[in-house]
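Here's a walk through one protein model, written for someone who would rather look at it than read tables. Keep the viewer open as you go.

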Amino acid sequence: MSMIAAFYGGKSILITGATGFLGKVLMEKLFRTSPDLKVIYILVRPKAGQTLQQRVFQILNSKLFEKVKEVCPNVHEKIRAIYADLNQSDFAISKEDMQELLSCTNIIFHCAATVRFDDSLRHAVQLNVTATQQLLLMASQMPKLEAFIHISTAFSNCNLKHIDEVIYPCPVEPKKIIDSLEWLDDSIIDEITPKLIGDRPNTYTYTKALGEMVVQQESGNLNIAIIRPSIVGATWQEPFPGWVDNLNGPSGLIIAAGKGFLRSIKATPMAVADLIPVDTVVNLTLAVGWYTAVHRPKSTLIYHCTSGNLNPCNWGKMGFTILASFEKIPYERAFRRPNADFTSNKFMIQYWNAVSHHAPAIIYDFYLRLTGRKPRMTKLMNRLLRTVSMLEYFVNRSWEWSTDNTEMLMSELSPEDQRVFNFDVRQLNWLEYIENYVLGVKKYLLKEDMAGIPEARQHLKRLRNIHYLFNTALFLIVWRLLIARSQMARNVWFFIVSFCYKFLSYFRASSTLKA
Ligand SMILES: CCCCCCCCCCCCCCCCCCCCCCCCCC(=O)SCCNC(=O)CCNC(=O)[C@H](O)C(C)(C)COP(=O)(O)OP(=O)(O)OC[C@H]1O[C@@H](n2cnc3c(N)ncnc32)[C@H](O)[C@@H]1OP(=O)(O)O
Ligand SMILES: NC(=O)C1=CN([C@@H]2O[C@H](COP(=O)(O)OP(=O)(O)OC[C@H]3O[C@@H](n4cnc5c(N)ncnc54)[C@H](OP(=O)(O)O)[C@@H]3O)[C@@H](O)[C@H]2O)C=CC1
C-alpha cells in the first residue's frame with residue numbers, strides 16, 4: 001500500500017491554479033491514487049464566457065480524466081469549485097465559502113501564477129507575490145492545515161549559474177515593491193521595471209523570486225515547502241504519455257517547427273535543455289505534501305525538480321530528435337516542410353529570419369491577396385519571432401541546480417511509493433519521451449486525427465516538389481539575369497554548356513564502340 005496515497009485519503013485539499021497545465025495533472029493524480037480523499041477545493045474564475053461549473057465539467061470530461069472516472073466514479077461530487085479571483089482582495093471569495101475553506105482545509109497546493117514573460121510588473125506582482133501573501137494569511141487561519149506547498153520555478157534565480165535549494169534574497173524587499181506599486185502610475189512602473197528586475201530576463205522570473213521571499217517571511221508556524229520545476233513538458237507516463245494542453249515552454253515551438261513556420265532559432269546546441277515532464281513534477285509535489293505534513297521539517301525545504309544534473313539532454317539533441325519525430329508523425333496542413341536549425345551567430349540569425357521567415361511570409365501573403373483572401377502570414381510570423389525572442393534567453397544558457405533535498409526525499413519513500421509517485425528522472429529515455437511529446441502535441445493540442453497521417457505525408461511531398469520547383473525557377477531567373485548583365489557569367493555559362501556537350505559526345509561515342 002502506498003503511504004502517500006493513504007495519507008491523502010479523507011483529506012480536504014485546496015488547489016489554486018487547478019485549471020492550469022500543472023493543476024489539472026495534479027488533480028488527476030490525486031483522484032486516481034487517493035479516490036477516498038474527502039474533497040478538492042479549487043479556486044476558479046469564470047473565463048472565456050464559461051461559468052465555473054462549465055469549466056469544471058470540461059476538465060472532468062476531458063481525455064486526461066478518463067482513468068479517474070473508472071477508479072473514482074463520483075469525482076464530480078468530490079470537486080468543489082469556489083469562485084475566486086486572485087487579483088482581488090480576499091480573492092473575492094464569498095463569506096460562506098471562505099468560512100468553509102478556513103475550517104476544513106488540510107493541505108494547500110499553490111500553483112496559480114501568471115507565467116507570461118511579457119506581463120506588466122504590476123500584474124505579475126499582484127498574482128505571483130501579493131496573492132501568495134494573501135493565501136499565506138488565509139493559511140495561517142486554518143486550524144486543520146497540515147502543509148502548504150508553493151510551486152515556484154527553477155528559473156526564479158536564473159541570474160545565477162549554480163543554484164542551491166535555498167531562498168536567495170532580492171535587493172528590494174517584496175513588501176516595499178507591493179506598497180510602491182499601489183501609488184506609482186503605470187508609466188513610472190514601466191520605467192523602473194528594468195532596474196528592478198536587474199539581470200533577470202523578465203518580470204515572471206523576478207516576481208517568482210519575490211514570491212519565494214514572501215513565503216519565507218510570512219511562513220510563521222506553517223509547514224511549508226517550495227517546489228522549483230524547470231521547463232515543464234508533456235506527461236512522461238501518467239495517465240498516458242505525451243499529454244499536453246497548452247503552448248507554453250517548448251510546445252508552441254514544436255508546433256511552429258512541425259508546421260514548417262519556424263526555420264531557425266538562436267540557440268546553443270550544447271546548452272542543457274532542462275525539461276521536466278509534468279507528471280514527474282506532480283509526483284514530487286504529492287510526495288513533498290506528504291513529507292512536509294508527516295515529518296514536519298524544522299525549516300522550509302526547497303526541492304528542485306530538474307533533469308539536467310541527473311539525466312542531461314542538450315538542445316542540439318532535443319532539436320534533432322524533434323525534427324526526426326516529424327518524419328514519423330507529420331502534422332497536417334504544414335506551411336513548409338519541417339526543417340529548422342540552431343544558430344548562435346547573430347548575423348546568421350538575421351539572415352535566416354529574412355530569408356526563411358519574412359520572405360516566405362511575404363510571398364504567401366502576396367499569393368493570398370492575389371486570390372482575394374486576407375493576408376495573415378506576416379502577422380503570424382512576427383508574433384512567432386517575438387515569442388522566439390522571449391524564449392531565447394533560456395536556450396542559450398545552462399544552469400546547475402543542486403537536488404539534495406529531492407534526492408533525500410526519494411530515499412525516504414518506500415519502494416511502493418517510489419513506484420507510484422516516481423520522480424526519478426534518471427529513468428527517463430529522452431528519445432522515447434520526445435517522440436511521445438511530438439505525438440501528444442498532434443493529438444491533444446492540435447487535435448489532429450491519426451488517420452490523417454498518410455494525407456499529411458502526401459502534403460509534405462507536394463511541398464517538397466513545390467520547393468524544388470521554386471528553387472529551380474529562382475535559379476534560372478537569377479542566372480538569366482546574370483548572363484544578360486555580366487561577361488564573366490556568360491563565360492562560365494559557355495564553359496558549362498561546352499563541358500556538358502563534350503561529356504555527352506564522349507559518352508555516346510564510348511557506348512557506340514561497346515555496341
Ligand atoms: C543539431 C541541430 C539540430 C537542430 C534542430 C533544430 C530544431 C528545432 C525544433 C524546434 C523545437 C523547439 C525546441 C526549442 C524549444 C525552446 C523552448 C524554450 C522554453 C523556455 C521556457 C523557459 C521556461 C521557464 C519556466 C517557467 O517557469 S514558466 C512557464 C513557461 N511560460 C511560458 O512558456 C510562457 C511564455 N509565453 C509568453 O510569455 C507569451 O505567450 C509570449 C511569448 C509573450 C507571446 O505572447 P503573445 O504574442 O501575446 O501571444 P499569446 O497571446 O501568448 O498566444 C498566441 C496565441 O496562442 C494562443 N494561446 C496562448 N496560450 C495558449 C494556451 N495555453 N492554450 C491554447 N492556446 C494558447 C492564444 O490564444 C493566441 O492565439 P490567437 O489569439 O492569436 O489566435
Ligand atoms: N509551465 C512551466 O513550464 C512551469 C511552470 N511553473 C510554475 O507552475 C505553476 C503552474 O504553471 P502552469 O500550470 O504551467 O501555468 P498555467 O498558465 O497553465 O496555469 C496558471 C493557473 O493560474 C490560474 N490563475 C491565473 N490568474 C488567476 C487569477 N487572477 N485568479 C485565479 N486563478 C488564476 C489560471 O486560471 P485560469 O485558467 O482561469 O487562467 C490557471 O489555473 C506556476 O506557479 C508556474 O510558475 C514552474 C516552472 C515551469
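## Ground rules

This is a predicted model, so to speak of local features pLDDT must be at least 70, and side-chain atom pairs count only at pLDDT 80 or more, while totals for chains, interfaces and linings use all residues. Residues are numbered from 1 along each chain as its sequence is written, chains are lettered from A and ligands numbered from 1 in the order in which they are written, and side-chain values use heavy atoms, with hydrogens and water left out.

Helices (H or I, at least four residues) and strands (E, at least two) are DSSP runs, numbered from the N terminus.

## Annotated domains

An unreviewed UniProt entry puts "domain: Thioester reductase (TE)" at residues 15–284. That stretch, residues 15–284, is 42% helix and 14% strand, with its end C-alpha atoms 16 Å apart.

UniProt, again in an unreviewed entry, assigns "domain: Fatty acyl-CoA reductase C-terminal" to residues 357–448. Here, in residues 357–448, you get 70% helix and 2% strand, and the end C-alpha atoms lie 25 Å apart. UniProt positions are in the numbering used here, feature names are shortened, and annotations may be inferred rather than shown by experiment.

## The sheet

How do the strands line up? Seven strands make an open sheet with parallel pairing, in the order β3-β2-β1-β4-β5-β7-β11; two strands pair if DSSP finds at least two bridges between them. At the edges sit β3 (79–83) and β11 (301–305), each of which pairs on one side only. Neighbouring strands of this sheet are turned by 20° against each other on average, direction ignored.

Helix α3 (residues 52–60) packs on the sheet and touches β2 (39–44) and β3, its direction making about 145° with that of β3. Contact means heavy atoms within 4.5 Å; axes are lines fitted to C-alpha atoms (for helices, over the stretch in contact), and angles run from 0 to 180 degrees between N-to-C directions. Strand β1 (residues 12–16) pairs with strand β4 (residues 107–110) in the parallel sense over four bridges, and Ile 13 has Ile 107 as its bridge partner in β4.

On a 1 Å grid over the protein atoms alone, a cavity is a set of points where a 1.4 Å probe fits but cannot get out; a pocket is an open set with protein on both sides within 12 Å along at least five of seven lines, and lining residues have an atom within 4 Å of a point. Grid points are joined across faces, edges and corners, and a volume is the space filled by probe spheres set on the points.

There is one cavity of 30 Å³ or more, and the largest cavity has a volume of about 70 Å³. Of its 13 lining residues, the closest to the centre are His 304, Thr 306, Leu 310, Thr 406 and Phe 423. The largest share of this cavity's lining, three residues, comes from α16. The second largest pocket holds about 260 Å³ of space, and its lining includes Phe 326, Arg 337 and Arg 464.

Most residues other than glycine have a negative phi, and most peptide bonds are trans. The peptide bond from Glu 238 to Pro 239 is cis, with omega near -5°, and Pro 239 sits in the loop between β8 (231–233) and α11 (251–258). Ala 48, in the loop between β2 and α3, has a positive phi near 50°.
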